[in-house]
Amino acid sequence: MKRFREMGIQPATRHGQNFLIDLNLQHMIVDSADLDERDVVLEVGTGTGALTELMAQQAASVVTVEIDGHLFELANELLFKYDNVVMLKQDALKNKNTFAPEVLAHIGKQLEVAPERRLKLVANLPYNIATPIISNLLACEFVPHSMSVTIQKELGDRIIAEPWSKDYSALSVWIQSQADAQIVRIMPPSVFWPPPKVQSAIVKIAVDPEKRASVPDLKYFHQFTKALFIHRRKFLRANVVAAMKKHLSKVEVDAILTEMNFAEDCRTEQIDVATLLKLTELVRAQAPDWTL
Ligand SMILES: C[S@@+](CC[C@H](N)C(=O)[O-])C[C@H]1O[C@@H](n2cnc3c(N)ncnc32)[C@H](O)[C@@H]1O
């Protein structure tokens, strides 16, 4: 794209730099977030700042993070006039499992301004870190109200997958235990520059406080279901025994599975979120100190 080349942008694959060039779709992402003056937006991947600018005009504030110094400078030229935009030049993640503390600190500061403020993630995410961004945000101290994100369609399929399907995974369980997720729009590679090799999707994940409150120990649930789904096609019994090795005997595992009336040949991939939650609670009651 001539415009991007004139700005001196040489997209880096390692940073998932695929810029959304379709203006209607930029608006569709922002519209799907339903922003108003209560919203503190987190954007991971400022890019040239086009989405950021749209959001700054609707939200209370936008905390936007960009790892690439050149893009950061370009976006700054567009965004410096918005005093409700906080631009951070850094990696949004500290590691695979945690957000960078500076990012969390800025979100906290923005949320503190007024009690009605709420956090929304709205971003055309770099595809290489889309899973940890979505997953970690649900585990961090600031519970998001919703996430409206552009991600690989394949990841969107995993997020909304049902039991028995090939895409049903620990990620599906983790997200669906706390939120309602839907694919808003499937997008072809041609709406990005440079075009990625795969289809993309706008996905909206709306956190449901009631669902979230029904998970007594989120960290335990997250780790236990992750352990079960490492071999999701295996029999559930084998997965529970392996996960709880050193914490529960086979006899204790069998007693729990019998109490829940699981068939002997039940496989992890068949179990719905509510049943996984019940199972987790029975296991946790007997092995409260277990961690992955
Ligand atoms: C898919 S592009 C989206 C850019 C722009 N928001 C848009 O919609 O066109 C992803 C952006 O995330 C940035 N990025 C990649 N990894 C990052 C990280 N770990 N932390 C912060 N930004 C990152 C890239 O440099 C790139 O600008």
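## Basis

In this predicted model, local features need pLDDT of at least 70 and side-chain atom pairs count only at pLDDT 80 or more, while totals for chains, interfaces and linings use all residues. Residues are numbered from 1 along each chain as its sequence is written, and side-chain values use heavy atoms, with hydrogens and water left out.

## Overall fold

The chain contains 13 helices and 11 strands (DSSP runs numbered from the N terminus; helices are H or I with at least four residues, strands are E with at least two). Its C-alpha trace spans about 65 × 40 × 30 Å along the principal axes.

## Ligand site

The ligand sits in the largest pocket. A pocket is an open set of points on a 1 Å grid over the protein atoms alone, where a 1.4 Å probe fits, with protein on both sides within 12 Å along at least five of seven lines; a molecule sits in it if more than half of its atoms lie within 2 Å of its grid points. Of the 23 residues around the ligand, those that come nearest are Gln-17, Gly-45, Glu-66, Asp-91 and Ala-92 (a heavy atom within 4 Å counts as near). The shell has 10 nonpolar, 9 polar and 4 charged residues, with Gly counted as polar. Strand E1 (19-20) and strand E3 (61-66) each supply at least two shell residues.

Polar contacts are pairs of N or O atoms within 3.5 Å. Oxygen atoms of the ligand lie 2.8 Å from a polar side-chain atom of Gln-17 and 3.0 Å from one of Asn-124. A polar backbone atom of Thr-46 is 3.5 Å from a ligand nitrogen atom. The protein covers 97% of the 590 Å² of accessible area that the ligand has on its own (Shrake-Rupley method, 1.4 Å probe).

## Backbone exceptions

Most residues other than glycine have a negative phi, and most peptide bonds are trans. Asp-34 has a positive phi, near 50°, and lies in the loop between helix H2 (23-33) and strand E2 (39-44). Trp-193 and Pro-194 are joined by a cis peptide bond with omega about -15°.

Definitions and conventions. Polar contact = N/O pair within 3.5 Å; in protein donor to acceptor, adjacent residues only side chain to side chain. 1 Å grid on protein atoms, 1.4 Å probe; cavity = no way out; pocket = protein on both sides within 12 Å on 5 of 7 lines; lining within 4 Å.
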